[in-house]
Amino acid sequence: MFPQLSLIFLFSLVVIHPFHVSAKTWCVANTSAASTLLQANIDWACSEGKVDCVMINPGGPCFDPDTVISHASFVMNDFYRNHGSTEEACNFSGTGQVVTFDPSYGGCVYT
């Protein structure tokens, strides 16, 4: 009936789909990333007000374990969520990775 519209719709699926990640994904720090780069991610995101870093401060529910990779994962996921949950929002110069398992633990809930 409308072959041109069908073609446009299919093309839009091919073009748009790779850039958006499913709602059942999270962004975490790559375990092979240098801790200096992960700390730079934390510093950048927290200082720019792009994420709320209260959760990883002493006494916050995501402070323990007090490791750079744990704190970076929480911050990077918060940024990822607040910026469309796209693969690009989890790149962090190659230090982030999209995962399909929920990294939440104890009282630290990853949205």
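The angle is about 45°, and the axes, lines fitted to C-alpha atoms over the stretch in contact, are 9 Å apart. On the α2 side, the contact (heavy atoms within 4.5 Å) involves residues including Leu38, Ile42 and Ala45, while α3 brings Ala72, Val75 and Phe79, among others. This is a predicted model, where local features need pLDDT of at least 70, side-chain atom pairs count only at pLDDT 80 or more, and totals for chains, interfaces and linings use all residues. Residues are numbered from 1 along each chain as its sequence is written, and side-chain values use heavy atoms, with hydrogens and water left out.

What about α3 itself? Helices here are DSSP runs (H or I, at least four residues), and strands are runs of E (at least two), numbered from the N terminus. Just past the end of α3, Gly84 has a positive phi of about 90°.

Ser73 belongs to α3 (residues 68–82) and, at 7% relative accessibility, counts as buried. A polar atom of the Ser73 side chain lies 3.0 Å from the backbone nitrogen of Ala29. Beyond its neighbours within four places in sequence, Ser73 is in contact with Cys27, Val28, Ala29 and Tyr110.

Definitions and conventions:
Buried < 20%, exposed > 50% of the residue type's maximum accessible area, 1.4 Å probe, protein only. Polar contact = N/O pair within 3.5 Å; in protein donor to acceptor, adjacent residues only side chain to side chain. Axes fitted to C-alpha atoms, helices over the stretch in contact; angles between N-to-C directions.
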